[in-house]
Amino acid sequence: MNDVDVGKQIQQMVRFIQQEAQEKASEISVAAEEDFNIEKLQLVESEKRKIRQEYERKQKQVDIRRKIEYSMELNAARIKVLQAQEDIVGEMKENASKTLVRVTKDTNVYRKILKSLIVQSLLRLRESSVVLRCREADRVHVEPVLEAAKKEYAEKLKVNLPKIIIDGKVHLPPQRLNDAAHGPACLDSSGGVVLASQDGKIVCDNTLDTRVDVCFRQKLPEIRKKLYAQQVSQ
């Protein structure tokens, strides 16, 4: 083999090596491109996932805030309704108290009421001797009905007439003459009586104010139900 043949053979080998190197480099480039695309896709999906999670987190915060705001508004509305109901009940109670004042000015009616209150108190206490307290101005109304009240009580229970002592030192407070008068409302009395055992351990408060309070406490659920029904229908 001469030098020319050897040179050709070497050139062929070089071309073969170069071609093989180019193919290998191409394969490496394609593989690198694929790896890059895969990694890029993974990064994109990861970022998308983070964005979705952040959006969901913020959406939940918005939903929770809306629920809290709605709950606060609902509670405020309920409180407003309850306050309005309480104002109406208070107004009704005040009107009832004003009606009592008119009742006490009718002598015949008021004396009948006092007699009934005394009998009720005696039936609750069931004592042979009691102390009676009333407004100082009501003594003129209480004294005329005492005997009739004692007789009615004695007939109901088939017992002897009880002894009723009108307290001449301690009286129920007088009725406030007008709304502008000073002093707490608890110091007012619309009338009625308070009876107690001789030792003072058993007391029956049968004042008109107490009767109104008891009546309103008993009727309050019914009153509120009617008020609620009226508000719903409006």
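In which sense do strand 3 and strand 4 pair, and over how many bridges?

**View 1. Pairing of strand 3 with strand 4 in the predicted model.** Strand 3 covers residues 192-197 and strand 4 covers residues 203-207. The two run in the antiparallel sense, joined over 5 bridges. One of the residues to look for is Gly-192, whose bridge partner in strand 4 is Thr-207.

**View 2. The hairpin of strand 3 and strand 4, with Gly-200.** Between the strands of this hairpin there are 5 residues. Gly-200 has a positive phi in this hairpin, near 75 degrees.

**View 3. Domain 1 and domain 2 of the protein chain.** The domain assignment places residues 1-105 in domain 1. Domain 2 is given as two segments, 107-177 and 187-228. Taken over C-alpha atoms, the centres of domain 1 and domain 2 are separated by 74 Å. To the contact, domain 1 gives 12 residues and domain 2 gives 16 residues.

**View 4. The interface of domain 1 and domain 2.** The size of an interface is often expressed as the accessible area lost when the parts come together. Here domain 1 and domain 2 bury about 1300 Å² between them. Carbon and sulfur atoms account for 71% of that area. On the side of domain 1 that touches domain 2, the residues comprise 7 nonpolar, 2 polar and 3 charged.

**View 5. Polar contact and salt bridges between domain 1 and domain 2.**

Key:
Residues are numbered from 1 along each chain as its sequence is written. This is a predicted model: local features need pLDDT of at least 70, side-chain atom pairs count only at pLDDT 80 or more; totals for chains, interfaces and linings use all residues. Side-chain values use heavy atoms; hydrogens and water are left out. Two strands pair if DSSP finds at least two bridges between them. Helices (H or I, at least four residues) and strands (E, at least two) are DSSP runs, numbered from the N terminus. Domain bounds come from an automatic or database domain assignment. Contact means heavy atoms within 4.5 Å. Buried area is the accessible area (1.4 Å probe) that two parts lose on being put together, summed over both. A salt bridge is a side-chain nitrogen of Lys or Arg within 4 Å of a carboxyl oxygen of Asp or Glu. A polar contact is a pair of N or O atoms within 3.5 Å; within protein, one must be able to donate a hydrogen and the other to accept it, and residues adjacent in sequence count only if both atoms are side-chain atoms. Ala, Val, Leu, Ile, Met, Phe, Trp, Tyr, Cys and Pro count as nonpolar, Asp, Glu, Lys and Arg as charged, and the others, Gly among them, as polar.
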